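Dear colleague,

Please find the structure below, followed by an account of what was found in it.

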Amino acid sequence: MAFISTGYNPAKPMENRITDIGPKDYHDFYPPVIANNKGKWSHHEILEPGVLVHVGDSGDEVYTVRVGGCRLMSTSHINEICDIADKHCDGYVRFTTRNNIEFMVDSKDKVEPLKNDLASRKFAGGSNKFPIGGTGAGVTNIVHTQGWIHCHTPATDASGTVKATMDTLFDDFQQMRLPAQLRVSMACCLNMCGAVHCSDIAILGYHRKPPMLDHEYLDKVCEIPLAVAACPTAAIKPSKQTLANGTEVKSVEVKNERCMYCGNCYTMCPSMPLADTEGDGIVLMAGGKVSNRISDPKFSKVVVAFLPNEMPRWPSMTDAIKKIVNAYSNGANKYERLGDWAERIGWEKFFSACELDFTHHLIDDFRQQAYMSWRQTTNFKF
Amino acid sequence: MAFISTGYNPAKPMENRITDIGPKDYHDFYPPVIANNKGKWSHHEILEPGVLVHVGDSGDEVYTVRVGGCRLMSTSHINEICDIADKHCDGYVRFTTRNNIEFMVDSKDKVEPLKNDLASRKFAGGSNKFPIGGTGAGVTNIVHTQGWIHCHTPATDASGTVKATMDTLFDDFQQMRLPAQLRVSMACCLNMCGAVHCSDIAILGYHRKPPMLDHEYLDKVCEIPLAVAACPTAAIKPSKQTLANGTEVKSVEVKNERCMYCGNCYTMCPSMPLADTEGDGIVLMAGGKVSNRISDPKFSKVVVAFLPNEMPRWPSMTDAIKKIVNAYSNGANKYERLGDWAERIGWEKFFSACELDFTHHLIDDFRQQAYMSWRQTTNFKF
Amino acid sequence: MAKHETPFLDELENGPWPSFVSDLKQQAEVRAKNEKGVEFQIPQDCVDDLLGVVELSYKHGRTHWKHGGIVGVFGYGGGVIGRYCDQPKLFPGVEHFHTMRVNQPCGKYYSTEYLRQLTELWDFRGSGVTNMHGATGDIILLGTTTPQLEEVFWTLTHDFGQDLGGSGSNLRTPADCLGQSRCEYSCYDTSALCHFLTNEYQDELHRPAFPYKFKFKFDGCPNCCVASIARSDMSFIGTWKDDIRIDQDAVNKYVEKDPAYPANAGAHKGRDWGPFDIKKEVLDLCPTHCMKFENKKLTINTEHCTRCMHCINVMPRALKIGKETGLSILCGAKAPILDGAQMGSLLVPFVEVNADNDYEAITEIIENIWDWWMEEGKNRERLGELIMRQGFQKLLEVTGIEAQPQHVAYPRTNPYIFWKEDEVPGGWERDVDEYRKHHLR
Amino acid sequence: MAKHETPFLDELENGPWPSFVSDLKQQAEVRAKNEKGVEFQIPQDCVDDLLGVVELSYKHGRTHWKHGGIVGVFGYGGGVIGRYCDQPKLFPGVEHFHTMRVNQPCGKYYSTEYLRQLTELWDFRGSGVTNMHGATGDIILLGTTTPQLEEVFWTLTHDFGQDLGGSGSNLRTPADCLGQSRCEYSCYDTSALCHFLTNEYQDELHRPAFPYKFKFKFDGCPNCCVASIARSDMSFIGTWKDDIRIDQDAVNKYVEKDPAYPANAGAHKGRDWGPFDIKKEVLDLCPTHCMKFENKKLTINTEHCTRCMHCINVMPRALKIGKETGLSILCGAKAPILDGAQMGSLLVPFVEVNADNDYEAITEIIENIWDWWMEEGKNRERLGELIMRQGFQKLLEVTGIEAQPQHVAYPRTNPYIFWKEDEVPGGWERDVDEYRKHHLR
Ligand code: SRM
Ligand code: SRM
Ligand code: SRM
Ligand code: SRM
Ligand code: SF4
Ligand code: SF4
Ligand code: SF4
Ligand code: SF4
Ligand code: SF4
Ligand code: SF4
Ligand code: SF4
Ligand code: SF4
């Protein structure tokens, strides 16, 4: 494979350089019906799961068919999306903030052919390429992160846990029978690259072992003061270490009891890896939200302290999620988000309704605001 | 005045010493109707402000007449209480947890003579000795602290601010026309010797100047390390100081910007007084409660950051309190405590309803949990 | 004739509320006249001087009291607060003006006979000024001189059978609501438990061995009339486990507005709130919405009732607390100094109150907590602050109580869980060289 | 034939949800076949090796990626994430596997023409694997080698008129909900503002000068479809000041269950929740209880409405946002590392959105905040953490905004108010000797 140059000259990087031009202008990408009615929409309706119509003041209509997107996506798949959009949608398509794909058409009669086309496409392995759904009071796509596909700090895989979960919740992706929206998010480490901290259900990769110390290389690869400073709990201090061969090297020491396995040190210093087959796994959180509807946005709460990484399909995790979704579906009122339901019945009843164990790990002990989460009243349910 | 000994011999303190005998046995002090019906009460009724009846399963009744108590009380006043109790109540009386006095009689016909007797008694200055009231949905006695009568750290007087406030709220002491109980508390410094931190309305004495340093005497009178350690904000450090006469002494230095005028240092070290005529004054808090009824117990919130000490009757303070009580009385629902009302209408409306200014001082900036009090939603009222 | 002019204080004689100034003036006069011929052991004009010193504070806007120094009775670390005036020349009568804290009887019932004993003693050996009562609960005898302390103590113990209360880094004087003595809501005998524990822990009350003060308060039910949840390191609040007992006839009396059944026992009589409306006033305000009133029948879904007391408070003739009673224990309440105020946090959802075995189940918890706090608590660190510093889990550990969802208002919002090494398979020691076989540098 | 056996991953081809494994396998095959005759600039079998390395992770339960090191395009401090495989011998195709973040168009609309340009480029110079989209919002081109970075950048800028997005201690790629383009709730043109600010702050986006990352997100209304309140240092959320516009006829259509007026625009169609009940579903759920429906007329007490969107969401044909629109700005949201997660805290209750003066009122606030943060922020300290550390008051000060009760959910519960010296009459310097005249030692 021969190197083909664009004309870029590494010796003169500034030659003909273009910078700071920002993103493409969105106006170029609006389908005509969107361009014509922007800012003048009257109302909308979800006709069936995955199919919306928006009606303009002008009477114009745009029909949107939303399909599940696997945001880890090959160019082949994107090209297929383009084929569909060219065929049905005059060459336009959009992606949602939760990585679904939206095909829009400007009249009702174009909807069925589009739907049929989408539904007909399957991957060789049998799964749907473009499942229709993700609207209204149901489950939509999981926003997630890199996991073992690309990142250096994950405690679990992202795409795999998401696939297993979406398979489990698939019916609710294609239906609108839950009390309200149910948003599942996934982040593969504490950095929480998704908005996992305020999702109805959050899957979080978590380490449980303090970093290993690669003393022999540490000082060569890392800046010790940066590694020390990285630790939020001040668990790391510089120390001299004697290697097996007797040489003394500069390195660090970790006070294991103070470590909360956040991996900040590893981000700063590759000689402090934390990943461990048995130590790593999944934390489940629940009850968060971001919309301001009825109740204020709120953080998710840890409801399962740890589940092991059970590759490739994480059955204990999907079971627990299923239990939560079922209990919510049976128990909540119309329009009630998962967290609002849990608050209404009381978190003590949440655990019994979902058949989840409550363990000491679920009691907050991080910083002073932990106190706010303890029960300061005699008002509780047995 | 000649010293009269009990028999105690300072040279032999252990001789005939009696210790660790605890309080008097409460059984000795129960009026017969109480002793007979204890644990077997059926129900009660507040017949009119200050007058309760409790009915036993046995059919026995005890009528209680509650009167305002000025808990700073002379033996003359106590003796007068005894006279009344002897006359009407077979020689028994009790005090409530909020320093009111309760006279109990065991039949209805004894109530009127008792009430008349109580109401007839006035101090030479004209005030009531035994105002009847303090029950139900009204204002009861203010629990308070020492103030200028006895303590060394107050930022205001206790008995005086309480007298001024109770005069202002007197009608509501003698009536039951508020939406719910309204409990006012008073503490003369940040130590908050009353449960001021969770009262419907709290009057709090507050300093606003960092301690003065009596360098010449500091090291003689205080243990410098203890003074340094006392400071919660680490504002104090040891330092050498040169006096006007040139002598160098060991003393301390205070970083004024870090000081929150809590007076902890002064408690440890008399050479660091904070009291100041202009600096000291009143903070008003509101919306706290301790009962678990309907809503959980909650802390009072600072609603007026500062009011000067206006001796002898603190008119700005009583005005502000009156405004709060009026707005609450007009706005709240039946059974709704002040804090529940403020939460229902939103604190932004509380300030307009009470005609109080909101200033930057009212925004929490103490420790990390301050964050919890900021508004993390778009749900607010203009 | 008053010894000092008190123009400021005189203003506080006006108005309807009892005037402490008038009372002090009356007391000054009684002492001046001394009709009873008391052989005052401290200056006869001390109340005059007290008025004088307070007047001066009203002028300056500042206190004129100084630190106490260590005064007390032999062998006790508490019960006396020392106090000196910072203008002793002007007010010699209050130059020394210590207070004594006398342990009040549970429920604060008194016989006049006993009260008169006290007043007589205090006229003789003190200022004749008191607080009935202090904020913790004690009878406060306000103002005497050092030599009188032992004398007063002697009389209290020998003649009255009465001990001092707490101060300093001790167990403080426990206090209770009146409980079963006169309240139908009380789920246990607050006074019996308060009295028992006060006696049981006399040593802790009198001899400082704690990192800081420690308070017990006892509420018979969640109405919290002694505010235990807000101001006691351990708060004991009555509760029950079974159904609220419902007298359906009585419910209907309320609904029918029978005058013998006023809403909330008449507590709202002073305003016309309209006729009683069981839906609006009870069902809709029940915080858990666990009540129904259908076909003249009230039902409560006990599983969801949090025993907040509202419905019982509104209809005390119809609704009664359950029969399976006990108490909840909450820990750590305190005033805001230093780290911010705390309410008590629920540690024990339910424990039986059993006098027959000397409240064993309760004293065990208390003593486990004390052991921990005495071991780990820093100087001047309240229990609540220790719990905050070491975590609620630690409190569970030292008391041997299992974590339950009842312990939290909501589970943690951060995933920063500290695991113990033995909870994690394989432990924490790992071989980096083994790891590097699979993960090159 | 697949290069590596992937028994674990093969299991993830089952089930209805689109399988990323199937997609990667299809891509590996396309590259192997290379029917288009692409002159691959990075290993042709990189997708095979990607599957191989992920399979190994499934076996080990651990990642096989290493730290990035500093790779990027000349003059930019962000836009590229370096990544290396820790088993390069086993998986040479992904030995170097950097990602490029490409700034997505606002609202995430695309023409297929443009998308095909992108895929062609990425087949040629990269792995042909992407994320559509990254969690911040970028188009993520996943996996290429260092020498290709400048080449891709050249093509993007020269041929596509497209720049990179952010990474590192920069302004990160701003993102928006689709807003007025297809949503009747949008209170301002999110895409116009997002696009303007992205261009206005290109320098901040590309050249690291900040203490840490900084994110903007734009939601057209309080439904928050781009979750700005939870994950942007500055969150811009549409709102309005005047009355919700009510079409009474349409309200009655909902009440009459007209099939063209399904509750919540049909979002709950999948279950039989019973007939629409305006009281239960709208009035009672309105968090401020500011609505009435009497005599077929719906009224809203605007003074008490918090614009939570609920009623509008339920009856979109009847209720419309107000006409006096603008946005609220909230600051400091972030993920939990290090000090715990934060939601955005309300700084600006309402500001007009005026494109005509280049959003002056908004850029002024942004720049004041940046000046402060760049001055005071510690290394790796997010804005939210700085606000926590220096106090919300400081944020008000640097932005010149006056404190309002809207800034708090509730006023402070502790009285630990820090006064400024000039706020206190007489200041802080006092003469202790003067004091001692009145207060002897
Ligand atoms: C397309 C999208 C915006 C975009 O720019 O891409 C979008 C579009 C709409 N949202 Fe949304 N929301 C979108 C992400 C979100 C998010 C963000 C997220 O989940 O990360 C939220 C916040 C969720 C949360 O609180 O955790 C969100 C909370 C809402 C709500 C509030 C729902 C609630 O009960 O709290 C509404 C109102 C409603 O559903 O009636 C809403 C309503 C709508 C409406 C009805 C607005 C309209 O008039 O067109 C749109 C169709 C809703 C539907 O699909 O049921 N949208 N919506 C996003 C689709 C994501 C997807 O593929 O599933
Ligand atoms: C007398 C009394 C106030 C009153 O007028 O009633 C009182 C008076 C003092 N309290 Fe108190 N406290 C009194 C009940 C309280 C209470 C209320 C309670 O116990 O229910 C509290 C709040 C609850 C709590 O404990 O948190 C209280 C919280 C404090 C504090 C702050 C403690 C903390 O941890 O936050 C201090 C400061 C200290 O200990 O240094 C304090 C310190 C003091 C000192 C000893 C000041 C000092 O440093 O010398 C005061 C002596 C005043 C004097 O001259 O007599 N006092 N103190 C109360 C005791 C009377 C009694 O025994 O019945
Ligand atoms: C006598 C006393 C107990 C004692 O041991 O001394 C007492 C006695 C009663 N209380 Fe109380 N409470 C007493 C202090 C309190 C306190 C403590 C405090 O304020 O410091 C509280 C907590 C207040 C708070 O939340 O801030 C308290 C909160 C209640 C409540 C809950 C009210 C609420 O709306 O939250 C009830 C229930 C009710 O009023 O129906 C109650 C009910 C009662 C009843 C009706 C109980 C009964 O069946 O006898 C008694 C008469 C009430 C009345 O006076 O209206 N009692 N009550 C205390 C009288 C204080 C006084 O002189 O005014
Ligand atoms: C690619 C992406 C995840 C994804 O799969 O989509 C991502 C990937 C990484 N994030 Fe992130 N973050 C991504 C969106 C986020 C978000 C979500 C957002 O922006 O809305 C967050 C939470 C919101 C926030 O900023 O608080 C997020 C919070 C973090 C953090 C924690 C920052 C904090 O202050 O709490 C880190 C740690 C760090 O900066 O050292 C981090 C660090 C990282 C690094 C750079 C890990 C590292 O230290 O090298 C990851 C590189 C992975 C890789 O190999 O490509 N990432 N990161 C997202 C960016 C794609 C894009 O540009 O569109
Ligand atoms: S959540 Fe952690 S492991 Fe996952 S992509 Fe972000 S930084 Fe990497
Ligand atoms: S993982 Fe986090 S807590 Fe543990 S040593 Fe590293 S930086 Fe510190
Ligand atoms: S509140 Fe402060 S000033 Fe008042 S009695 Fe208690 S310690 Fe003394
Ligand atoms: S008053 Fe409080 S904050 Fe100020 S120096 Fe003294 S101890 Fe420190
Ligand atoms: S706390 Fe309960 S039991 Fe005790 S007096 Fe109050 S209402 Fe009665
Ligand atoms: S006690 Fe409270 S929670 Fe229980 S039924 Fe009565 S009102 Fe409801
Ligand atoms: S945030 Fe509001 S304006 Fe934007 S898409 Fe969602 S509902 Fe529409
Ligand atoms: S927007 Fe929300 S607060 Fe306003 S009227 Fe509608 S439901 Fe009520």
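The shell around ligand 9 consists of seven nonpolar, three polar and one charged residues; here Ala, Val, Leu, Ile, Met, Phe, Trp, Tyr, Cys and Pro count as nonpolar, Asp, Glu, Lys and Arg as charged, and the others, Gly among them, as polar. Among the residues around ligand 9 are Cys177(C), Cys183(C), Tyr185(C), Asp219(C) and Cys225(C), a residue being near when one of its heavy atoms lies within 4 Å.

This is a predicted model, in which local features need pLDDT of at least 70 and side-chain atom pairs count only at pLDDT 80 or more, while totals for chains, interfaces and linings use all residues. Residues are numbered from 1 along each chain as its sequence is written, chains are lettered from A and ligands numbered from 1 in the order in which they are written, and side-chain values use heavy atoms, with hydrogens and water left out.

For chain C, the mean pLDDT (the predictor's confidence in each residue, from 0 to 100) is 97, and 100% of the residues reach 70 or more. The complex receives an ipTM of 0.96 and a pTM of 0.97 from the predictor.

Between chain A and chain C, about 5,900 Å² is buried, 62% of it from carbon and sulfur atoms; buried area is the accessible area (1.4 Å probe) that two parts lose on being put together, summed over both. Trp374(A), Thr378(A) and Phe382(A) supply 12% of the area that chain A buries against chain C, more than any other three residues. Six salt bridges are counted between these chains, each a side-chain nitrogen of Lys or Arg within 4 Å of a carboxyl oxygen of Asp or Glu.

With kind regards
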